[in-house]
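I am opening a notebook page on a protein chain, and I want to write down what I looked up and what I found.

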Amino acid sequence: MRVLGIDPGLTRCGFGAVDGEASRSAVFVGAGVITSSSADTIDQRLLEIHTGLEQVIEEYAPDILAVERVFSQNNVGTVMGTAQVSGLAIVLAAQRGIPVEMHTPSEVKRAITDNGRADKKQIQAVVARLLGLAEAPKPADAADAVAIAITQLWRGRGTVRLDRTGAARTSAQAQWADAERRARRSREASTSHW
(Lines give C-alpha, C1' and ligand atoms only; values in the text may rest on other atoms or scores of the structure.)
Protein backbone atom coordinates (compact mmCIF):
# COMPACT_ATOMS: atom_id res chain seq x y z
CA MET A 1 0.00 0.00 0.00
CA ARG A 2 1.22 3.49 -0.78
CA VAL A 3 0.24 6.31 1.55
CA LEU A 4 0.71 9.95 0.67
CA GLY A 5 0.83 12.17 3.75
CA ILE A 6 -0.07 15.85 3.49
CA ASP A 7 0.97 18.48 6.04
CA PRO A 8 -1.25 21.31 4.77
CA GLY A 9 -0.04 24.88 4.79
CA LEU A 10 -0.58 27.90 2.59
CA THR A 11 3.07 28.98 2.53
CA ARG A 12 4.57 25.47 2.69
CA CYS A 13 2.51 22.35 2.08
CA GLY A 14 4.51 19.26 2.96
CA PHE A 15 4.05 15.91 1.26
CA GLY A 16 5.59 12.53 1.92
CA ALA A 17 4.99 9.07 0.49
CA VAL A 18 5.70 5.70 2.06
CA ASP A 19 5.03 2.13 0.99
CA GLY A 20 4.26 -0.69 3.36
CA GLU A 21 1.69 -2.68 5.22
CA ALA A 22 0.01 -2.31 8.59
CA SER A 23 3.02 -3.96 10.23
CA ARG A 24 5.76 -1.79 11.69
CA SER A 25 7.61 -1.50 8.38
CA ALA A 26 7.63 1.37 5.93
CA VAL A 27 9.71 2.21 2.90
CA PHE A 28 10.44 5.83 2.06
CA VAL A 29 9.30 6.79 -1.44
CA GLY A 30 9.71 10.57 -1.53
CA ALA A 31 8.92 13.88 0.13
CA GLY A 32 9.02 17.60 -0.41
CA VAL A 33 7.09 20.82 -0.14
CA ILE A 34 4.86 22.87 -2.37
CA THR A 35 5.21 26.58 -1.73
CA SER A 36 3.33 29.77 -2.43
CA SER A 37 4.43 33.34 -1.88
CA SER A 38 2.73 35.45 0.76
CA ALA A 39 3.13 38.38 -1.67
CA ASP A 40 0.58 36.76 -4.03
CA THR A 41 -3.19 37.02 -3.71
CA ILE A 42 -5.03 34.19 -1.96
CA ASP A 43 -6.54 32.92 -5.21
CA GLN A 44 -3.10 32.69 -6.83
CA ARG A 45 -1.62 31.02 -3.76
CA LEU A 46 -4.35 28.40 -3.65
CA LEU A 47 -4.02 27.82 -7.39
CA GLU A 48 -0.28 27.28 -7.00
CA ILE A 49 -0.78 24.80 -4.15
CA HIS A 50 -3.58 23.07 -6.09
CA THR A 51 -1.37 22.64 -9.14
CA GLY A 52 1.48 21.29 -7.01
CA LEU A 53 -0.77 18.87 -5.12
CA GLU A 54 -2.24 17.64 -8.38
CA GLN A 55 1.25 16.89 -9.73
CA VAL A 56 2.30 15.15 -6.51
CA ILE A 57 -0.83 12.95 -6.44
CA GLU A 58 -0.32 12.01 -10.08
CA GLU A 59 3.38 11.28 -9.56
CA TYR A 60 3.04 9.15 -6.43
CA ALA A 61 -0.34 7.50 -7.27
CA PRO A 62 -1.24 6.78 -3.63
CA ASP A 63 -3.72 4.16 -2.46
CA ILE A 64 -4.79 6.50 0.33
CA LEU A 65 -4.22 10.12 1.27
CA ALA A 66 -3.55 11.01 4.92
CA VAL A 67 -4.04 14.66 5.82
CA GLU A 68 -3.19 16.39 9.08
CA ARG A 69 -6.30 17.65 10.83
CA VAL A 70 -5.36 20.96 12.36
CA PHE A 71 -7.08 22.49 15.35
CA SER A 72 -5.94 25.75 16.89
CA GLN A 73 -7.69 28.45 18.80
CA ASN A 74 -4.76 30.84 18.68
CA ASN A 75 -4.05 31.86 15.08
CA VAL A 76 -7.24 31.99 13.03
CA GLY A 77 -5.45 33.25 9.91
CA THR A 78 -3.09 30.28 9.85
CA VAL A 79 -5.92 27.85 10.54
CA MET A 80 -7.97 29.28 7.65
CA GLY A 81 -5.13 28.86 5.16
CA THR A 82 -4.42 25.37 6.44
CA ALA A 83 -8.09 24.42 6.17
CA GLN A 84 -8.26 25.75 2.62
CA VAL A 85 -5.24 23.69 1.58
CA SER A 86 -6.66 20.61 3.34
CA GLY A 87 -9.82 21.07 1.29
CA LEU A 88 -7.82 21.19 -1.93
CA ALA A 89 -6.07 17.92 -1.09
CA ILE A 90 -9.33 16.22 -0.12
CA VAL A 91 -11.11 17.28 -3.31
CA LEU A 92 -8.20 16.22 -5.52
CA ALA A 93 -8.22 12.80 -3.85
CA ALA A 94 -12.01 12.51 -4.17
CA GLN A 95 -11.84 13.31 -7.89
CA ARG A 96 -9.53 10.31 -8.30
CA GLY A 97 -11.43 7.96 -6.00
CA ILE A 98 -8.59 7.94 -3.46
CA PRO A 99 -9.77 7.46 0.14
CA VAL A 100 -8.82 10.18 2.61
CA GLU A 101 -8.10 9.86 6.33
CA MET A 102 -7.27 12.64 8.76
CA HIS A 103 -5.02 12.56 11.81
CA THR A 104 -4.49 15.19 14.48
CA PRO A 105 -0.96 16.28 15.37
CA SER A 106 -1.19 14.50 18.73
CA GLU A 107 -2.25 11.26 17.01
CA VAL A 108 0.79 11.50 14.74
CA LYS A 109 3.14 12.28 17.63
CA ARG A 110 1.79 9.37 19.65
CA ALA A 111 1.98 6.95 16.71
CA ILE A 112 5.55 7.90 15.83
CA THR A 113 7.10 8.46 19.27
CA ASP A 114 4.57 7.03 21.77
CA ASN A 115 4.43 10.58 23.18
CA GLY A 116 1.54 12.87 22.22
CA ARG A 117 3.63 15.89 23.22
CA ALA A 118 6.80 15.09 21.27
CA ASP A 119 8.56 18.00 19.57
CA LYS A 120 9.50 18.26 15.91
CA LYS A 121 13.11 17.17 16.48
CA GLN A 122 11.99 13.98 18.21
CA ILE A 123 9.57 13.18 15.40
CA GLN A 124 12.20 13.85 12.73
CA ALA A 125 14.75 11.63 14.49
CA VAL A 126 12.30 8.74 14.79
CA VAL A 127 11.13 9.14 11.17
CA ALA A 128 14.73 8.96 9.94
CA ARG A 129 15.45 5.90 12.10
CA LEU A 130 12.24 4.11 11.08
CA LEU A 131 12.95 4.61 7.40
CA GLY A 132 16.68 3.88 7.61
CA LEU A 133 17.60 7.38 6.41
CA ALA A 134 20.73 9.27 7.40
CA GLU A 135 18.50 12.22 8.25
CA ALA A 136 14.83 13.12 8.13
CA PRO A 137 13.41 14.56 4.91
CA LYS A 138 13.80 18.33 4.71
CA PRO A 139 12.32 20.81 5.30
CA ALA A 140 10.42 20.00 8.49
CA ASP A 141 7.06 20.16 6.66
CA ALA A 142 8.17 17.24 4.46
CA ALA A 143 9.24 15.21 7.51
CA ASP A 144 5.88 15.96 9.15
CA ALA A 145 4.06 14.73 6.05
CA VAL A 146 6.07 11.50 6.11
CA ALA A 147 5.15 11.06 9.79
CA ILE A 148 1.47 11.52 8.86
CA ALA A 149 1.82 8.87 6.15
CA ILE A 150 3.49 6.42 8.56
CA THR A 151 0.72 7.06 11.10
CA GLN A 152 -1.88 6.14 8.49
CA LEU A 153 0.06 3.06 7.47
CA TRP A 154 0.30 1.82 11.06
CA ARG A 155 -3.02 2.91 12.40
CA GLY A 156 -5.20 2.62 9.35
CA ARG A 157 -8.65 3.77 10.15
CA GLY A 158 -7.92 3.19 13.84
CA THR A 159 -11.54 2.81 14.83
CA VAL A 160 -12.43 2.80 18.48
CA ARG A 161 -16.08 3.77 18.35
CA LEU A 162 -18.86 4.79 16.03
CA ASP A 163 -20.31 8.26 15.95
CA ARG A 164 -24.04 9.06 15.80
CA THR A 165 -24.11 8.51 12.03
CA GLY A 166 -22.47 5.09 12.37
CA ALA A 167 -19.14 6.31 10.97
CA ALA A 168 -15.99 4.91 12.58
CA ARG A 169 -13.89 7.41 14.53
CA THR A 170 -10.60 7.35 16.37
CA SER A 171 -10.71 8.85 19.86
CA ALA A 172 -9.29 12.15 18.63
CA GLN A 173 -11.68 12.24 15.67
CA ALA A 174 -14.62 11.57 17.98
CA GLN A 175 -13.50 14.41 20.26
CA TRP A 176 -13.10 16.68 17.24
CA ALA A 177 -16.58 15.82 15.96
CA ASP A 178 -18.05 16.42 19.43
CA ALA A 179 -16.32 19.81 19.63
CA GLU A 180 -17.59 20.77 16.17
CA ARG A 181 -21.11 19.70 17.15
CA ARG A 182 -21.01 21.73 20.38
CA ALA A 183 -19.69 24.80 18.52
CA ARG A 184 -22.41 24.47 15.86
CA ARG A 185 -25.11 24.20 18.54
CA SER A 186 -23.69 27.22 20.33
CA ARG A 187 -23.72 29.26 17.10
CA GLU A 188 -27.25 28.13 16.30
CA ALA A 189 -28.42 29.05 19.80
CA SER A 190 -26.85 32.49 19.62
CA THR A 191 -28.32 33.28 16.19
CA SER A 192 -31.78 31.95 16.98
CA HIS A 193 -32.42 34.90 19.33
CA TRP A 194 -32.45 37.42 16.49
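The entries below follow the order in which I looked things up, and I keep in mind that this is a predicted model.

**Entry: strand 4**

I began with strand 4, residues 64–68, and found that five of its five residues are buried, so the strand is largely enclosed by the rest of the structure. I then looked up which way the side chains go: I64, A66 and E68 point one way, whereas L65 and V67 point the other way. I noted beside this that side chains in a regular strand alternate between the two faces of the sheet.

Next I looked for the neighbours of strand 4. Strand 1, residues 2–7, runs parallel to strand 4 and is joined to it by four bridges, and strand 5, residues 100–103, is likewise parallel to strand 4 with four bridges.

**Entry: the nonpolar cores**

Which residues have the most contacts inside the largest nonpolar core? I found L4, I6, L53 and L65, in a core of 22 residues. Strand 1, strand 2, helix 1, strand 4 and helix 2 each supply at least two residues of this core, and helix 1 gives the largest share, with six residues.

**Entry: an aromatic pair**

I searched the whole structure for aromatic pairs and found one. The ring centres of F15 and Y60 are 6.1 Å apart and the planes meet at 50 degrees, so I recorded the pair as tilted. Because F15 lies in strand 2 and Y60 in helix 1, the pair ties together parts that are 45 residues apart in sequence. Both F15 and Y60 are buried.

**Entry: R2**

R2 and V18 are 16 residues apart in sequence, yet their C-alpha atoms are 5.7 Å apart in space. The side chain of R2 also makes a polar contact of 2.7 Å with the side chain of D19, and Y60 and I64 are among the other residues that R2 touches.

I checked the span of helix 4, residues 120–131: its 12 residues should span 16 Å at 1.5 Å a residue, and the end C-alpha atoms are 16 Å apart, which agrees. D119 caps the N-terminal end of helix 4, with a side-chain oxygen 3.2 Å from the backbone nitrogen of K121. At the other end, helix 4 is followed by G132, which has a positive phi near 70 degrees. I123, V126, V127, A128 and L131 are buried in helix 4, and the cover over its buried residues includes strand 2, strand 3, helix 3 and helix 5.

For helix 5, residues 140–155, I found that 14 of the 16 residues are buried, so this helix is largely enclosed by the rest of the structure. Just after helix 5, G156 takes a positive phi of about 55 degrees.

Note on methods. Residues are numbered from 1 along each chain as its sequence is written. This is a predicted model: local features need pLDDT of at least 70, side-chain atom pairs count only at pLDDT 80 or more; totals for chains, interfaces and linings use all residues. Side-chain values use heavy atoms; hydrogens and water are left out. Rings of Phe, Tyr and Trp (its six-membered ring) pair if their centres lie within 6.5 Å; planes under 30 degrees apart count as stacked, over 60 as edge-to-face and the rest as tilted. Buried means under 20% relative accessible area, exposed over 50%, partly exposed in between (1.4 Å probe, protein chains only). Two strands pair if DSSP finds at least two bridges between them. A nonpolar core is a set of buried Ala, Val, Leu, Ile, Met, Phe, Trp, Tyr and Cys residues joined through side-chain atoms within 4.5 Å. Contact means heavy atoms within 4.5 Å. A polar contact is a pair of N or O atoms within 3.5 Å; within protein, one must be able to donate a hydrogen and the other to accept it, and residues adjacent in sequence count only if both atoms are side-chain atoms. The expected span of a helix is 1.5 Å times one less than its number of residues. Lists of a residue's contacts leave out its neighbours within four places in sequence.
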